[in-house]
Amino acid sequence: MSRIAHRFEQRRAEQRKTLVTYITGGDPHPGATVPVMKTLVAAGADIIEVGMPFSDPMADGPVIQSACDRALENGTGLAGVLEMVREFRREDQDTPVVLMGYLNPIEQIGYQTFAREAAAAGVDGVLTVDLPPEEGNELVAALAEHDLDPIWLIAPTTRMERIRAICDHARGFVYYVSLKGVTGAATLDVDSVADHVESIRAATQLPVGVGFGVRNGTDAGRLGQVADAVVVGSAIVSRIAEHAGDDAAVCSAVEEITRDLREGLDRPAVETSP
């Protein structure tokens with residue numbers, strides 16, 4: 001069983017929802033990433049997504065675009081991100097780590113090399129935003145060879161036939177994008193999310209995570225009532241940007257927002273228990 005599957009099983013047994021947090025590797029500078037990862041875990045994050053900096057992150061809004069710019073300006077590439085995961089694994093063998101990003105950096109080093117080095121570093125899953133599952137056979141085969149979970153996005157506009165096809169290719173969990181738009185967009189419609197999550201669950205036994213537009217613990221709690229996991233990125237990355245230049249303040253801000261998300265996500269389970 002992968003670390004991702006095990007973590008979801010743990011939270012399910014506890015009747016709690018899973019908190020997935022995103023940061024961009026190398027933001028605001030390479031030395032800050034591992035301490036931020038440790039802070040996320042200590043504050044209640046269950047799974048960490050680490051963004052692979054890319055010069056054209058077309059699915060991301062201004063917050064994460066700027067984070068990628070900062071990371072690239074500081075010289076962080078895919079090799080650097082893998083080294084960050086490797087360093088994190090020296091102290092934490094339990095928390096699942098997912099690499100999230102775009103296909104170009106992976107293609108540059110080759111699918112097999114990427115999968116082998118990612119697995120050796122301690123990565124558990126890979127989400128490539130701009131690779132459709134129908135075109136991902138070569139990468140998926142390389143990931144499977146090294147026991148890495150391919151994680152795919154499902155959009156609000158995705159039709160049921162394609163939802164089934166995506167779920168057939170997925171492992172770990174399925175990531176439902178709660179909004180039409182880029183990361184950091186506003187306005188959550190929980191009723192609409194609930195309908196889409198129900199449709200996805202008809203196509204898979206995998207956990208369903210929901211992301212895009214989650215700003216605080218209240219948002220997390222609302223989505224946690226309908227999803228297995230809540231994914232939060234821009235709300236955390238924006239806190240990092242606000243305190244760039246002061247590593248202690250960065251970690252403090254990350255801890256504060258993560259605890260708020262964790263408490264919000266746990267609250268519904270407490271309130272609805274008999």
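In this predicted model, helix 3 (residues 62–73) packs against helix 11 (residues 234–242) at an angle of about 50 degrees, the two axes lying 9 Å apart. Helix 3 and helix 11 are therefore oblique to each other, and their crossing is left-handed. Helix 3 contributes V63, I64, A67 and R70 to the contact, while helix 11 contributes S234, V237, S238 and A241. By class, the residues of this contact are five nonpolar, two polar and one charged.

The axes of helix 4 (residues 78–89) and helix 6 come within 8 Å and cross at roughly 25 degrees. Angles under 35 degrees count as roughly parallel, so helix 4 and helix 6 are roughly parallel to each other. On the helix 4 side the contact residues are L78, L82, V85, R86 and R89, and they meet F114, E117, A118 and A121 in helix 6. This contact has six nonpolar, no polar and three charged residues.

Helix 6 (residues 111–121) and helix 7 (residues 137–145) have axes that come within 9 Å and cross at roughly 30 degrees. Helix 6 and helix 7 are therefore also roughly parallel to each other, with a right-handed crossing. Here Y111, Q112, F114 and A115 of helix 6 meet E138, L139, A142, L143 and E145 of helix 7. The contact of helix 6 with helix 7 comprises six nonpolar, one polar and two charged residues.

| Helix pair | Axis distance | Angle |
|---|---|---|
| Helix 3 and helix 11 | 9 Å apart | about 50 degrees |
| Helix 4 and helix 6 | within 8 Å | roughly 25 degrees |
| Helix 6 and helix 7 | within 9 Å | roughly 30 degrees |

Turning to the strands, nine of them form an open sheet with parallel pairing, in the order 5-4-3-2-1-9-8-7-6. Strand 5 (149–150) and strand 6 (153–154) are the edge strands, each pairing on one side only. Within the sheet, strand 7 (residues 174–177) and strand 8 (residues 208–211) run parallel and are joined by four bridges. V174 stands opposite V208 in strand 8.

Helix 2 (residues 33–43) has as its buried residues T33, V34, V36, M37, T39, L40 and A43. Just after helix 2 comes G44, which takes a positive phi of about 120 degrees.

Key: Residues are numbered from 1 along each chain as its sequence is written. This is a predicted model: local features need pLDDT of at least 70, side-chain atom pairs count only at pLDDT 80 or more; totals for chains, interfaces and linings use all residues. Side-chain values use heavy atoms; hydrogens and water are left out. Axes are lines fitted to C-alpha atoms, for helices over the stretch in contact, and angles run from 0 to 180 degrees between N-to-C directions. Helices (H or I, at least four residues) and strands (E, at least two) are DSSP runs, numbered from the N terminus. Angles under 35 degrees count as roughly parallel, over 145 as roughly antiparallel, 65 to 115 as roughly perpendicular and the rest as oblique. A crossing is left-handed if the near helix is turned anticlockwise from the far one by less than a right angle, and right-handed if clockwise. Contact means heavy atoms within 4.5 Å. Ala, Val, Leu, Ile, Met, Phe, Trp, Tyr, Cys and Pro count as nonpolar, Asp, Glu, Lys and Arg as charged, and the others, Gly among them, as polar. Two strands pair if DSSP finds at least two bridges between them. Buried means under 20% relative accessible area, exposed over 50%, partly exposed in between (1.4 Å probe, protein chains only).
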